[in-house]
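Trainee: I would like to learn how to read a protein model, one feature at a time. Could we look at one together?

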Amino acid sequence: MSSRILILDYGSQFTQLIARRVREARVYSEIHPPTRSVDWIREWKPTGIILSGGPSSVYEENVPSADPAILDIAPVLGICYGMQLINKLEGGETVGGRREYGRAELEVLTPDPLFAGFSPGEQMTVWASHGDHVAKAPPNYEVTARSDSAPIVAFHSRVRPVYGVLFHPEVHHTPRGGEIISNFLFEVCKAEPSWTAGAFIEEEIARIRERVGAKRAICGLSGGVDSSVAAALVHRAIGSQLTCIFVDHGLLRLHEREQVERTFRANLGIDLVTVDAADRFLSVLKGVEDPEEKRRRIGHTFIDVFEEAANAVGPDVEFLVQGTLYPDVIESVSPRGGPSVTIKTHHNVGGLKPGMTFKLIEPLRELFKDEVRQVGRELGLPEEMVGRHPFPGPGLAIRILGDVTREKLDVLRKADAIYLDGIREAGLYDDIWQAFAVLLPVRSVGVMGDARTYENAIALRAVTSADGMTADWYPFPHDVLAEISNRIINEVQGVNRVVYDVSSKPPATIEWE
């Protein structure tokens with residue numbers, strides 16, 4: 001890549017959003033832990049360096065830091081904790097006791113290259129998330145922005161291209177944050193916008209071919225966007241050396257198996273093996289209520305099934321292809337060993353069993369969902385496949401709160417199908433990031449045909465999102481929700497109540513488990 005940005009992860013849950021904003025500007029970026037040495041960073045040859053936010057306080061002991069020498073390698077932008085770290089390294093003063101979370105109003109004092117396009121005194125809404133603030137800027141630093149609660153919200157060095165902002169320009173809640181990041185990339189770093197889906201495919205194909213050589217690979221195909229694009233990309237790289245294994249774990253949506261078999265054999269010409277393992281998965285899930293344990297057992301059973309299926313493919317199967325994405329990684333473990341906090345284990349990240357014999361190929365591991373869709377279109381996948389809503393690897397098991405049984409799966413499968421049909425009939429499917437039904441572990445009293453009922457409750461969830469890391473609940477027209485609720489209660493035996501989830505992420509997650 002002619003230009004590339006190194007992002008050092010100090011533990012913020014928004015770190016991957018920084019990479020997303022950089023890529024939206026068509027500049028390549030990678031996230032690495034702050035433990036990378038100065039020599040390593042120099043060898044990587046970044047066009048610019050971004051220090052992320054994080055949950056630590058710079059004045060505490062045993063917190064992630066940086067070698068001051070990195071400030072001389074390339075232009076640097078510190079965000080929140082990253083700014084406070086620059087302040088500490090350069091001799092400024094950072095103090096605690098002044099919390100600021102949520103939207104804040106910033107005043108631009110001096111438009112420098114980072115605030116190109118802004119006027120002196122201009123007000124700007126930003127998203128703040130910090131408990132510490134910069135009380136005194138380092139020598140030779142100029143303060144460029146302030147707010148009512150923080151006298152130093154942005155600064156820059158007068159002697160080298162080092163910048164800091166106390167707010168988060170990478171999140172959507174900072175409306176002009178994209179401009180600030182673009183200013184850093186193009187005004188400060190002089191980067192070239194050369195990163196595209198096509199460039200990614202080229203580079204990844206070369207990497208996969210070099211790694212796989214003459215060996216064979218299998219792909220755990222779910223039929224969702226992620227595994228489908230991963231399969232198409234690896235197939236483009238190694239052709240007939242790839243066999244896709246579709247595991248019917250009994251946790252699929254209505255008619256999912258038939259659709260996957262038809263789509264992949266007809267559209268891609270990929271060698272596809274279907275394994276019916278529904279009884280096996282239901283057996284290992286029997287009586288399990290804890291969502292983390294569900295994910296662990298599903299992940300481990302997947303690998304067992306793959307290992308057995310691989311024996312039938314041939315003895316030279318060495319690699320397992322998965323459609324792991326950035327949001328999966330950042331919620332399970334920090335992407336490259338940084339200090340990010342684990343939110344939940346994804347079955348294809350932290351849920352893989354110890355001692356697994358396969359080497360993983362995860363070509364989409366550092367992409368966001370919309371980037372994956374762009375790659376899929378570039379690879380020629382049909383739009384009905386690329387545009388599908390996300391579906392979790394553990395399937396309906398994590399949409400049944402409590403233990404999983406065949407009877408509960410039948411109830412949820414029918415309710416979910418009615419819900420998605422109603423959304424499509426209303427012409428709203430493409431307006432929604434993800435929609436699904438959840439079977440709640442409660443029953444409630446109802447009345448049908450003048451008789452008392454005591455039956456299940458279904459929760460409906462629909463969100464809008466750009467990246468899956470933050471999300472807002474979708475404001476359905478009331479008549480659409482009413483029609484869907486009426487159909488579910490009338491057509492799904494055992495359900496007498498439907499509720500709609502109006503929680504955003506954060507504080508909730510998109511999935512209930």
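Mentor: Gladly, and let's start with strands: β10 (residues 216–221) and β13 (residues 317–321) pair in the parallel sense over 4 bridges. Two strands pair if DSSP finds at least two bridges between them. Helices (H or I, at least four residues) and strands (E, at least two) are DSSP runs, numbered from the N terminus. Please keep in mind that this is a predicted model: local features need pLDDT of at least 70, side-chain atom pairs count only at pLDDT 80 or more, and totals for chains, interfaces and linings use all residues. Residues are numbered from 1 along each chain as its sequence is written, and side-chain values use heavy atoms, with hydrogens and water left out.

Trainee: Which residue of β13 is the bridge partner of I218?

Mentor: The partner of I218 there is L320. β10 also pairs with β11 (242–248), again in the parallel sense, over 5 bridges. In that pairing, A217 has L242 as its bridge partner, while L221 stands opposite F246.

Trainee: How many residues of β10 are buried?

Mentor: Buried means under 20% relative accessible area, exposed over 50%, and partly exposed in between (1.4 Å probe, protein chains only). In β10, 6 of its 6 residues are buried. One side holds R216, I218 and G220, and the other holds A217, C219 and L221, so both faces are covered. For β11, the count is 7 of the 7 residues, so this strand is largely enclosed by the rest of the structure. Its buried residues are L242, C244, F246 and D248 on one face, and T243, I245 and V247 on the other.

Trainee: Now a helix, please. Which residues of α8 are buried?

Mentor: First, the general idea: an α-helix has 3.6 residues a turn, so residues three or four places apart point the same way. In α8 (residues 278–285), the buried ones are A278, F281, L282 and L285. They sit on the same side of α8 because they cover an arc of only 95° around the axis. The arc is that of the directions from the helix axis to the C-beta atoms.

Trainee: What lies on the other side of α8, and what covers the buried residues?

Mentor: On the other side, D279 and S283 are exposed. The cover over the buried residues includes β11, β12 (271–276), α9 (291–313) and α13 (406–425). Contact here means heavy atoms within 4.5 Å. After α8 comes G287, with a positive phi near 80°.

Trainee: Which residues have a positive phi although they are not glycine?

Mentor: Most residues other than glycine have a negative phi, and most peptide bonds are trans. Among the exceptions here is C80, with a positive phi of about 55°. C80 lies in the loop between β4 (76–79) and α3 (81–89). K190 also has a positive phi of about 55°, and its place is the loop between α4 (177–188) and α5.

Trainee: Are C80 and K190 buried or exposed?

Mentor: C80 is buried, at 3% relative accessible area, whereas K190 is exposed, at 56%.
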